[in-house]
Amino acid sequence: MSEHSQFTLLKERRYLPFFISQLAGAFNDNVFKQALILAIIYKLTFSNFLDQQVITSLFHGGQIDKDLLVNLCAIVFILPFFLFSALGGQLGEKYEKSLLIRRIKIAEIITMIIGAVGLFLSSFVLMLIVLFAMGVLSALFGPVKYSILPQHLKDSELIGGNALVEMGTFLAILTGTLLAGVLMTGNGPYAYYISFCILLIAIIGYLASRKILHSPAPMPNLKVSFNVFSQTWKTMQLGFNQKLAVSRSILGNSWFWFLGTIYITQMPNYAEKVLNGDPSAYTLILIVFSVSIALGSILCEKLSGHKVEIGLVPFGSIGLTVFSILLWWHSYTLPMVGGVSNTWLTLLAHPQTWFVLIDIFGIGLFGGFYIVPLYAIMQSRSAPEERARVIAANNILNALFMVLASIVAIILLSIAGLSIPQLFLVVGLMNIAVNAYIFNIVPEFTLRFMMWLTSHSVYNVSHQGLDNIPEKGSCVIVSNHISYVDALLIGGAIKRPICFVMHYKIFNMPIVKFAFRKANAIPIAGYREDKEVFEKAFIEIAKALQKGQLVCIFPEGKLTTDGEIAEFKAGIEKIIKETPVPVVPLAIQGLWKTSFSRNPKRKILRSFGAPINIIADKAIPAEQVTRQLLQEKVQELRGDKA
C-alpha cells in the first residue's frame, strides 16, 4: 500500500459509501443531541400539555432544573446501547450487512422526520423520544459498522480503514456540535434550520448506503433472541471468552471511552471556571481536542507500517498519562483573572494558555494512537461468525464505562471536593493502573511496543518481501544473527506473533526472563551443553508449529563475531523432519556496525538512524529444506551488506 493508502480508500466503492453513510449518522446524532440540549437551556418553554405532564412528574410543580434535563438527555441516548447492542450483534451475524445498513438508514430518515415535528412543536418529550430512537439506531448500527470492514478490507488496510472511521466520528462530533450551536443562535427559526439539516444528511446517508457492496451474512441460520437482558449477558460472556488479546482490547477500548467521557463532559466547566472563558473558549478547546484525536487516528497507519500494530497501544497509553498530568500542572499556573470573561482570542494572548492547549492536543493525539489499534485487533482476531457480537459486547461495555465515568466524576468533584484539574490528574494516574493490568495479562502489547520502539526510534528500518510470510498457519523463519536486537527488529517487522528460539542463558537472565516467558520464547542449549534443555526445546518448537504458530530460529547458534554468516547447524533439519512446515529465509542488513553487535569497531552513535533492511524470500517447501540451501538463501539475501 502507498503512504497515503488510507485516503486512497476514500476513492474506492468498497469503502467510500460505507464511510459517508456512517459519517452521516454520527453527524446527525450530534446535531440533534446538541440542538436539544441548547433548546432546553435557551428555547423551550415546556408549555404544551405533554411536556407539562412530564415536567410536573419530574419536579412536582416546582422550578425546572435544566441541568437535570440535560443529564437526562445523556442517559436517554446511552441507555439503548445497553438494551439493543446485543440485538445489533445478532442481526449483524444473521443478515447481509449492506441490506441492514439501508434499513437502518430508512429508519433514520423516519426518525428525523419525527424529530423535525418535535422541533416545530417545541415538544421536549417528543424530541426526547427521538433522541432515544437515535440511540437505538446507533446501537444497532455499531456492530454492523465495525464488523463489515474486515469483509471489504485487507488486514494491511484495517488500521487505515479504522483510522478514517475514528477521524470521521470525532470530526462529526465537532462539526455537528458547532453547527447546532450556530443554527440555534439568536431568535431565528431554528426549527427550520435544524430540521432541514438533519433530513438532508439522513437522505445523503441513505443514498450512500445503497452503494455499499454486498456483505454476506456469516451465520444466516443464527436464531435471533429478542430477550434483551439475557442476550446482553450472553453477548458480554462471548466477548470476554475471546482470546485474551481480543477480550482485553474490549476492556481497553471501553477504558478509552471512560477517559473521553471525563474530558468531554468536564471541558465546558474547565473553560468557564479554570480559564475564566466565555462559550468561545469551550469551542476552542473542543476544536483542539477533536482535531487532535482525528490526527492521531490518521497517523496510526503511518506509524504502524500498514499492519495491525498493537505496540501503538502502550505508546498511546503513556501519552495519555503524561499529558493528563501536564494539564493538571499547567492549570495551576494560569494567570487568569476574575471579572470579564476571556474570549478565545484573549486566551490565546496568554502564553500559558498555549501550554494548556498543547496538553489537550496531546491527550487527543495519543488517544487516537490508543483507540485505533484496539478496534483493529477486535476485527482481525475474532472469528468472522462472532465478529459483530464481539463489537456488540464492546459497545455494551463502552456504555457502561461512560456511565461509570459520570458517576466517578460526581463522586470526585462533588463529594471528595476535587477541582477539575485534580480530576484530570486522578484519571491520568488511574490510566497507569488500568493499562498495567491489561499489559500484564496480555504481554504481547508491551513486547510489540518494545519492538515498535526499536524499529522507529533507534533505527531507520525498511522491509522487503515480508508478504512471503504466510498470514495464517505454521511456518519457520530462519535468519542470520548479527546483534542482540535481531529478534526485536524481526518481531517489529512481522505482524504475526512469533515464538523466538534463544539460548537458555539469555532466556534465564533475571530481569528479562519474565518477558521472554510471556512472549512464548523457547530456550535452547547445545546437546553437549545441556541435553535436557536441548531435547525440551525441540518438543516445544513442535508444539508451537502444530498450533499453527510462527517460529523463528537463528541457525548459526550464536552472534557473528566477524560480520560473516557462520555455518548453519543441523537443528533446522531436525525441526522440519519432526514437523514438516514451510521455511522462509530472511536476512537482516546493516546491523554489523551498530552498537548492539559484537563488532569491536562499533560506535554507539551509529545506531541512531542507521539504515536497516529486513528481506524475506519465498517459502521453501518442507521436502526441499536442507541447512546448506537455507544458508545459501540467507547469504544471497544479505549480500555484502552486513
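Glutamate 157 is buried, with a relative accessible area of 5%; here buried means under 20% relative accessible area, exposed over 50%, and partly exposed in between (1.4 Å probe, protein chains only). The model is a predicted one, in which local features need pLDDT of at least 70 and side-chain atom pairs count only at pLDDT 80 or more, while totals for chains, interfaces and linings use all residues. Residues are numbered from 1 along each chain as its sequence is written, and side-chain values use heavy atoms, with hydrogens and water left out.

The structure holds eleven salt bridges, a salt bridge being a side-chain nitrogen of Lys or Arg within 4 Å of a carboxyl oxygen of Asp or Glu. One of them joins glutamate 157 to arginine 14, with the closest N and O atoms 2.7 Å apart. This pair links distant parts of the chain: arginine 14 belongs to the loop between helix H1 (5-8) and helix H2 (16-43), whereas glutamate 157 belongs to the loop between helix H7 (149-152) and helix H8 (158-183), 143 residues apart. Helices (H or I, at least four residues) and strands (E, at least two) are DSSP runs, numbered from the N terminus.

Another salt bridge connects glutamate 529 and lysine 505, whose closest N and O atoms are 4.0 Å apart. Distant parts of the chain are again linked, with glutamate 529 in the loop between strand S4 (522-524) and helix H22 (531-546), and lysine 505 in helix H20 (residues 504-507), 24 residues apart. Glutamate 529 is partly exposed, at 39% relative accessibility, and lysine 505 is exposed, with a relative accessible area of 52%. Elsewhere, salt bridges that share partners join Glu12, Arg14 and Glu157 into one network.

A further salt bridge is formed by the side chains of glutamate 108 and lysine 105, at 3.0 Å from N to O. Both residues belong to helix H5 (residues 97-121), where they are three residues apart, about one turn of the helix. An α-helix has 3.6 residues a turn, so residues three or four places apart point the same way. Glutamate 108 and lysine 105 are both buried.

Helices H2 and H8, which follow the two loops of the arginine 14 and glutamate 157 bridge, pack at an angle of about 35 degrees, with their axes 8 Å apart. Axes are lines fitted to C-alpha atoms, for helices over the stretch in contact, and angles run from 0 to 180 degrees between N-to-C directions. The crossing of H2 and H8 is right-handed, a term for a near helix turned clockwise from the far one by less than a right angle, with left-handed used for anticlockwise. Residues in the contact of H2 with H8 comprise 15 nonpolar, nine polar and no charged. In this division Ala, Val, Leu, Ile, Met, Phe, Trp, Tyr, Cys and Pro count as nonpolar, Asp, Glu, Lys and Arg as charged, and the others, Gly among them, as polar.

Helix H11 (residues 244-274) has a kink of about 45 degrees at methionine 267, shortly before proline 268; the bend at a residue is the angle between axes fitted to the seven residues ending there and the seven starting there. Of the 31 residues of H11, 24 are buried. Asparagine 276, which follows H11, has a positive phi, near 55 degrees.

Strand S3 (residues 498-503) has five of its six residues buried, so it is largely enclosed by the rest of the structure. S3 runs parallel to strand S5 (residues 550-553), to which three bridges join it; two strands pair if DSSP finds at least two bridges between them. Isoleucine 498 has leucine 550 as its bridge partner in S5. S3 also pairs with S4 in the parallel sense, over three bridges, and the partner of methionine 502 in S4 is proline 523.

In strand S6 (residues 583-589), seven of the seven residues are buried, so this strand too is largely enclosed by the rest of the structure. Val583, Pro585, Ala587 and Gln589 are buried on one side of S6, and Val584, Leu586 and Ile588 are buried on the other. S6 pairs with strand S2 (residues 475-479) in the parallel sense over four bridges, and serine 479 stands opposite leucine 586. With strand S7 (residues 610-616), S6 pairs in the antiparallel sense over four bridges, glutamine 589 standing opposite asparagine 613.
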